[in-house]
Amino acid sequence: MEVTKLVLSHCDHFQFPSQKASYTYDIRVYVPEGEVPTGGYPVFYVLDGCSYFQIARDVVHLQSRNAPRTHVDKAIIIGIGHQESDTTKRRFYDFTAPADEYIYPPRLQDSELGPHGGAVDFLAFIEQELMPYVQQHYPIHSSKQSLYGHSLGGYFSLWVKFTRSELFQTYLAVSPSVWWNNHELIRYAEQFAANMMPSEHNNIMITVGEDEGFMIEDADKLREVLQKCHLTVGAYVAPKENHASVVSTTMSRMFRFGCASVKE
């Protein structure tokens, strides 16, 4: 596999062709300055990287300067992005699980969403191609890895938790699309909770904006399912925030949770 890389100051930016997903992803990497900690840096894999990589990078770069107060440690950020030409449709494919049937809410029934159900291949890309590449080229701590997603990316983050819980140590979901396909994520959560291992710990954080209406109710339903099985879920409703604004106003809170969850 040939990877084209453009090296920036303390950042890498390259196109990563995936055989597993038959797609070329836009990958951005931030590596902190200074001495590498014993065992390597924690790492945050950030979905929709073309939109959110810079925010994530700045949160870590600025707040890790005073980690004892901010509780945000130095960490490597991996932004996973799509090509600008097909971002919207590819998100619906990569971030959604396969299903025999898809049921759309009224607001989407006339929309051209493209194909769905590519989450298995997208996860295979992350697990079998991207993560080994990151492990080989960057000083990460393999037991301090977090997955961060917003909206459909938040759905995907939680879907990975419920289907491949061992892959990451922390799962961060902002305004997750619990509504997708008639709330199928609730059913994934119920199945996960029913088969949950005793060692499962508090490594899920769900954040929504106060102005997101039904998405608050959906997040509460999901959290209740998990809490019935004694799995605590971090939760936060951001005052006066909406679906677009909630990411920038909650990123540091989410990363603080992620850093705390992977402490040795």
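**View 1. Helix 4 and helix 5 cross with their axes within 12 Å of each other.** In this close-up, helix 4 (residues 119-137) and helix 5 (residues 152-163) cross at roughly 80 degrees, the axes being lines fitted to C-alpha atoms over the stretch in contact, with angles running from 0 to 180 degrees between N-to-C directions. Helices here are DSSP runs of H or I with at least four residues, and strands are runs of E with at least two, both numbered from the N terminus. Helix 4 and helix 5 are therefore roughly perpendicular to each other, a term that covers 65 to 115 degrees, whereas angles under 35 degrees count as roughly parallel, over 145 as roughly antiparallel and the rest as oblique. Ala119, Val120, Phe122, Leu123 and Ile126 of helix 4 make the contact with Phe156, Trp159 and Val160 of helix 5, where contact means heavy atoms within 4.5 Å. The residues of this contact divide into 8 nonpolar, no polar and no charged; Ala, Val, Leu, Ile, Met, Phe, Trp, Tyr, Cys and Pro count as nonpolar, Asp, Glu, Lys and Arg as charged, and the others, Gly among them, as polar.

The model is predicted, so that local features need pLDDT of at least 70 and side-chain atom pairs count only at pLDDT 80 or more, while totals for chains, interfaces and linings use all residues. Residues are numbered from 1 along each chain as its sequence is written, and side-chain values use heavy atoms, with hydrogens and water left out.

**View 2. Helix 1 packs with helix 8 at an angle of about 50 degrees.** The axes of helix 1 (residues 49-63) and helix 8 (residues 246-261) are 10 Å apart, and the two helices are therefore oblique to each other. Tyr52, Ile55, Ala56, Val59, Val60 and Gln63 of helix 1 meet Val247, Ser248, Met251, Ser252 and Phe255 of helix 8 in the contact. These residues divide into 8 nonpolar, 3 polar and no charged.

View 3. Arg90 is buried, with a relative accessible area of 13%, and Asp94 is buried at 0%; buried means under 20% relative accessible area, exposed over 50% and partly exposed in between, with a 1.4 Å probe and protein chains only.

**View 4. Glu127, Arg164 and Glu166 are linked in a network of salt bridges.** Between Glu166 and Arg164, the closest N and O atoms are 2.7 Å apart. Glu166 is exposed, with a relative accessible area of 52%, whereas Arg164, at 25%, counts as partly exposed.

**View 5. Ser22 and Asn181 have a positive phi although neither is a glycine.** Ser22, with a phi of about 55 degrees, lies in the loop between strand 2 (11-18) and strand 3 (23-30), and it counts as exposed at 63% relative accessibility. Asn181 has a phi of about 50 degrees and lies in helix 6 (residues 180-194), where Asn181 counts as buried at 5% relative accessibility.

Methods
Salt bridge = Lys/Arg side-chain N within 4 Å of Asp/Glu carboxyl O.
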